[in-house]
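Dear colleague,

Here is the structure for your files. My notes on it follow below.

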Amino acid sequence: MLIDNIPSISMYELLRELREQPILIKFDDIIIERVLYLAGYDKEALIIIDDKGLYKGIVSGYDIIRLFYLYDKNALHYMFKTRMHDIMRVIITTNTNDSLRSLIRKMIKTKFGMAVIVDENNHPVGLVGMIELLKFYLTHGVYLYFREMQVQNLASRPLIEVSRDSNLRMVISLMINKNVRRIFVRDIDKVITDRSIIQALFLYYFQDLLEKPEEILNKPVNELSIFQEPAIINVDVSVEKVIRELLNSEAKCIINKDSGYIITPWDLVIKPFQFS
């Protein structure tokens, strides 16, 4: 099987190579006090632990965005009085001694795009997601085993898009209802991500969000600093080039406007093994 071509490497070795340090948050911490960790650090998620330091779950940018969908303009009020364990999700774990191959198999089966790495006592020591795995694929030549695959066959379809006049409330609703983390703004060739929304709301517009949430949520996205640059391609390119372009893009995605598809890290990390 194609998955057998993944280098034999343990999760401990992968962590050493990636040099990724997880952010650990107590499960009874107030949500609003920890959102800035997601806004200010380049992390996929926060790892939630109990008082003994044991893994309990994760909270991602998407989980925070979902609060604005559920509670609308009252989302901040909810975050000021509610704790991390109320919104955390339990995702898959992998032991430091487990292999990368076993993790990929687990991700294919469960459809989780992240995994918490724990030691023998269930203390979290790392978080690995699609971006980290994609970097590993590139540096270790894993992509060579599926370079003959057609890139468009790996792509997520259809491309979900809005105009720059769409308001933030509509974009958030679209993200949640379509279960996506990236929305394309066609008329300016930009992408809105869950992370870019978190950064804008909690780094740039937090005071406005406190005082007039209705106004912020109803603003056209073009008036907010929530755009990220995707990589744009309109021709057939190699898998290697797609991976490099994606990793170099701010929004961590590839857009093909002509064919109307988006390529995400999941498409390049997991899908090749699903098709093999």
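Is Pro230 buried or exposed? Pro230 has a relative accessible area of 11%, under the 20% cut-off, so Pro230 is buried. Please keep in mind that this is a predicted model.

The loop around Pro230

Pro230 sits in the loop that runs between helix 11 (213-217) and strand 10 (231-232). Leaving out residues up to four places away in sequence, Pro230 touches Asp189, Lys190, Val191, Ser249, Ala251, Cys253 and Ile255.

The side chain of Gln228 makes a polar contact of 3.1 Å with the side chain of Thr193. Apart from neighbours within four places in sequence, Gln228 is in contact with Lys190, Val191, Thr193, Ser196, Gln199, Glu250 and Ala251.

The phi angle of Asp189 is near 55°, a positive value in a residue other than glycine. Asp189 is partly exposed, at a relative accessible area of 25%.

The nonpolar cores

In soluble globular proteins, nonpolar side chains tend to be buried together. The largest nonpolar core here has 45 residues. Ile31, Ile64, Phe68, Met79, Leu168, Ile197 and Phe202 have the most contacts inside this core. At least two residues each come from helix 2 (31-40), strand 2 (45-49), helix 3 (61-71), helix 4 (75-81), helix 8 (168-178), strand 8 (182-185), helix 9 (194-204) and helix 11. A second, separate core has 43 residues, including Leu15, Leu18, Leu134 and Val239.

Residues up to four places away in sequence aside, Phe68 touches Ala75, Met79, Ile172, Leu201, Phe202, Leu209 and Leu217. Of these, Met79 and Phe202 are also listed among the residues with the most contacts inside the largest core.

Asp72 lies in the loop between helix 3 and helix 4. Its phi is near 50°, again positive in a residue other than glycine. With a relative accessible area of 23%, Asp72 is partly exposed.

Helix 1 against helix 6

How are helix 1 and helix 6 oriented to each other? Helix 1 (residues 11-18) and helix 6 (residues 130-139) pack at an angle of about 90°, and are therefore roughly perpendicular to each other. Their axes are 11 Å apart. Helix 1 contributes Leu14, Glu17 and Leu18 to the contact, and helix 6 contributes Glu132, Leu133, Phe136 and Thr139. By type, four of the residues in this contact are nonpolar, one is polar and two are charged.

Lys43 is in the loop between helix 2 and strand 2. At a relative accessibility of 22%, Lys43 counts as partly exposed. Its side chain reaches the backbone oxygen of Gln21 at 2.5 Å. Neighbours within four places in sequence set aside, Lys43 is in contact with Glu20, Gln21, Ile23, Leu38 and Arg195. Between Lys43 and Glu17 there is a C-alpha to C-alpha distance of 17 Å, and they are 26 residues apart in sequence.

Arg195 lies in helix 9. A polar atom of its side chain lies 2.8 Å from the backbone oxygen of Leu38. Apart from neighbours within four places in sequence, Arg195 is in contact with Leu38, Ala39, Tyr41, Asp42 and Lys43.

Lys111

Last, Lys111 is in the loop between helix 5 (100-110) and strand 5 (114-118). Its relative accessibility is 61%, and Lys111 therefore counts as exposed. Lys111 and Asp51 are 60 residues apart in sequence and 29 Å apart in space, C-alpha to C-alpha.

Regards

Definitions and conventions. Residues are numbered from 1 along each chain as its sequence is written. This is a predicted model: local features need pLDDT of at least 70, side-chain atom pairs count only at pLDDT 80 or more; totals for chains, interfaces and linings use all residues. Side-chain values use heavy atoms; hydrogens and water are left out. Helices (H or I, at least four residues) and strands (E, at least two) are DSSP runs, numbered from the N terminus. Buried means under 20% relative accessible area, exposed over 50%, partly exposed in between (1.4 Å probe, protein chains only). Contact means heavy atoms within 4.5 Å. Axes are lines fitted to C-alpha atoms, for helices over the stretch in contact, and angles run from 0 to 180 degrees between N-to-C directions. Angles under 35 degrees count as roughly parallel, over 145 as roughly antiparallel, 65 to 115 as roughly perpendicular and the rest as oblique. Ala, Val, Leu, Ile, Met, Phe, Trp, Tyr, Cys and Pro count as nonpolar, Asp, Glu, Lys and Arg as charged, and the others, Gly among them, as polar. A nonpolar core is a set of buried Ala, Val, Leu, Ile, Met, Phe, Trp, Tyr and Cys residues joined through side-chain atoms within 4.5 Å. A polar contact is a pair of N or O atoms within 3.5 Å; within protein, one must be able to donate a hydrogen and the other to accept it, and residues adjacent in sequence count only if both atoms are side-chain atoms.
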